[in-house]
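Here's a quick tour of a protein model for you. Keep the sequence and the 3D view open while you read.

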Amino acid sequence: MSFYEEYKKFSDNDFSAFFNELEDQDIRRIIGKSRLTELDYLALLSPRAEKYLEEMAQKAHHLTLQHFGRTILLYTPLYLANYCVNSCVYCGFQVHNKLDRKKLSLTEVEAEAQIIAGTGLKHILILTGESRKHSSVSYIKDCTEVLKKYFTSIGIEVYPLTEQEYADLIQAGVDSLTMFQEAYNEQVYLDMHPAGPKRDYQFRLNAPERACKAGMRSVNLGALLGLHDWRTEAFFTGLHVNYLQNNYPDVEVSISPPRMRPHLGGFNPPVDVSDKNLVQYILAFRLFMPRGGITISTRENPQLREHLIKLGATKMSAGSCTAVGGRTDAAKSTGQFDISDERDVATMTRVIYSHGYQPVFKDWQTI
Amino acid sequence: MHDALMIGGQEVTSRLFLGTGKFASNDMIPELVNVSGAQVVTVAIRRVDPDYPEENVANYIPGNCILMPNTSGARNAREAVRIAKLGRAAGCGDWVKIEVIADNRYLLPDNYETIKATEELAADGFVVLPYISPDLMVARKLEEVGAAAVMPLGAPIGSNRGLKTKELIKILIEECSLPVIVDAGIGRPSQAAEAMEIGAAAVLVNTAIATAKDPVAMARAFGQAVEAGRNAFLANPGEVFEYARASSPLTGFLRNE
């Protein structure tokens, strides 16, 4: 049994018919429940639920306070390399795009780490383009060894690995995984990934479970919103997180709901996901999984991010830079996408406090 | 009469223990300690950052408090022991609250792993206060392996639901010689007072204070409630009767012949 079987259980469902049959009283009843089923979660993602966003928001706020308190964990991404062997139609790093390819030396990794550590952050997320050749597991491991000196928690957002490779990185000091399935709809996934190893839908889909089996402490999942109907993509993301929590109850699970951003290549997303849609997704997920983390990156604009603090967000990036070596040498590299909230860590700290919340810089220590 | 609570050879002056994980700012901690009278304050070692004093929660605990670091984040005994030792190395002292949680839906403690961690840390000189699901056999085992107190949950962490496990906690209080400190689930001062009235040695509160609209006023209320509950326990409350005790007895017409 893997999540692929769970996915297949629902993938042929007629979601429109399900949404059409929902009545107002169904939505009200679900909002009042203490434990939601998978179909309850789907109902809260429906067009019918849109007029109950305020009720959902009140409950989401209450649940988040109860389980996480008035705290927001801060982290920042560090791009190690932008070499990529895939042809993802929506990504600035894809193999056919002309940009300066770069991979940080360990000395450069250390220089970037020193700058980030100077802001006080202790959680870092390291990213590479998807190229095993240029960003091998042993390279990621070497970078982890350097970063351990500066950070107490190291997450990876890299190409999918085998269980043994995850175990090796955990041994080296990695404690969390972020893995974007990009599109859960299998056909859309294949359309978006015409060539390269990333085209293997199931190897990617089952990567978070391999990480859980290897002993990863925390996993963060997401679909890239804009590639396909957001309601079903949000549903499958939640289903995936719920599957992992059921099977690996000691793993801390969370979602990221990233929306498409401008980037090199100019791909136009087929689906527009509005702020209202994004909020509905976040609220529905909070009611479905009260203890699940919700990560809001700097893809979103400052005003929206601040509103999301009270609607269920638990983790935020700050002082982000999507260019390789961007903190020491900003002019020489192209980012993966344009960020929308460019505020530095000190500013974000003040902003979070101003909303009555505490920014948490250290919330884990590799042991 | 001097009513002392002794834990690990140290006298504790307040029976309200304060948790610190959910506040809007670490700056609030000294005031909350002050108004509540709390002396024992727990901090998650995962949040202790000796490199960055400004954000280090441990730096906000007043000097006259007993710091009780906890092993939040540990999934098994091995991790709890490791975290406890990291805390001691970071200067957090010898007290430790063992939290071993391998269920992220309800955050219920793993009693078996908790016993293992307690045994190892007590042997290593720690003053160990384990967080447990209330179970007499577990409490006895913890006493045997050197725990300084037991901390049964009243209801799931953060739920503010009160003493849902009251009957089991009463058994622990009656049968254990260790102090029984009710941890988790207490959501109202009245519930804290109730725990103290039935003989709990102390209560630990975090979410109820952190999620109140006015945390300072709520911290004060908890301090008062815990004191009132303790005084009521010491006063030996009168018996509870199912039926009214009439001042004009129904059998008053009977006379001794």
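Which residues lie nearest the centre of the largest pocket? They are A:Ser34, A:His67, A:Pro290, B:Arg105 and B:Tyr106, out of 22 lining residues.

Before going on, note that this is a predicted model, where local features need pLDDT of at least 70, side-chain atom pairs count only at pLDDT 80 or more, and totals for chains, interfaces and linings use all residues. Residues are numbered from 1 along each chain as its sequence is written, chains are lettered from A and ligands numbered from 1 in the order in which they are written, and side-chain values use heavy atoms, with hydrogens and water left out.

**Pockets and a cavity**

- Rolling a probe the size of a water molecule over the atoms shows where empty space is left.
- On a 1 Å grid over the protein atoms alone, a pocket is an open set of points with protein on both sides within 12 Å along at least five of seven lines, a cavity is a set where a 1.4 Å probe fits but cannot get out, and lining residues have an atom within 4 Å of a point.
- The largest pocket has a volume of about 520 Å³, where volume is the space filled by probe spheres set on the points, and grid points are joined across faces, edges and corners.
- Helix 5 (residues 53-68) of chain A gives the largest share of that pocket's lining, four residues. Helices (H or I, at least four residues) and strands (E, at least two) are DSSP runs, numbered from the N terminus.
- By class, the lining of the largest pocket has eight nonpolar, eight polar and six charged residues. Here Ala, Val, Leu, Ile, Met, Phe, Trp, Tyr, Cys and Pro count as nonpolar, Asp, Glu, Lys and Arg as charged, and the others, Gly among them, as polar.
- The second largest pocket holds about 360 Å³, and among its 17 lining residues A:Ile170, A:Thr366, A:Ile367, B:Arg75 and B:Arg78 lie nearest its centre.
- Helix 8 of chain A supplies the largest share of the second largest pocket's lining, four residues.
- The whole structure has two cavities of 30 Å³ or more. The second largest cavity has about 40 Å³ of space, and its lining is A:Trp364, A:Gln365, A:Ile367, B:Ile45, B:Arg46, B:Ile83 and B:Leu86.

**Sites marked in UniProt**

- An unreviewed UniProt entry puts an "active site" at B:Lys97. UniProt positions are given in the numbering used here, feature names are shortened, and annotations may be inferred rather than shown by experiment.
- B:Lys97 sits in strand 6 (residues 95-98) of chain B. Is B:Lys97 buried or exposed? B:Lys97 counts as buried because its relative accessibility is 6%, and buried means under 20% relative accessible area, exposed over 50%, partly exposed in between (1.4 Å probe, protein chains only).
- Contact means heavy atoms within 4.5 Å.
- The "binding site" feature, also from an unreviewed UniProt entry, covers B:Gly158, B:Ala184, B:Gly185, B:Asn206 and B:Thr207. These residues spread over 50 residues of sequence, yet they cluster in space, with a largest C-alpha distance of 9.2 Å.
- B:Gly158 is in the loop between strand 8 (151-152) and helix 5 (166-175) of chain B. Neighbours within four places aside, B:Gly158 is in contact with A:Gln66, B:Lys22 and B:Thr207.
- B:Ala184 is in the loop between strand 9 (181-183) and helix 6 (189-197) of chain B, and B:Ala184 is buried because its relative accessible area is 8%.

**Two loop residues**

- B:Thr20 belongs to the loop between strand 3 (16-19) and helix 1 (29-36) of chain B. A polar atom of the B:Thr20 side chain lies 2.8 Å from the backbone oxygen of B:Thr42.
- A:Gly356 and A:Arg70 are 286 residues apart in sequence but 7.2 Å apart in space, C-alpha to C-alpha. Beyond neighbours within four places in sequence, A:Gly356 is in contact with A:Arg70 and B:Ala24.

**Helix 4 of chain B**

- In helix 4 (residues 136-145) of chain B, the residues B:Leu136, B:Val138, B:Ala139, B:Leu142 and B:Val145 are buried. Their cover includes helix 3 (111-123), strand 7 (127-132) and helix 5 of chain B.
- Just after helix 4 of chain B, B:Gly146 takes a positive phi of about 110 degrees.

Definitions and conventions: Polar contact = N/O pair within 3.5 Å; in protein donor to acceptor, adjacent residues only side chain to side chain.
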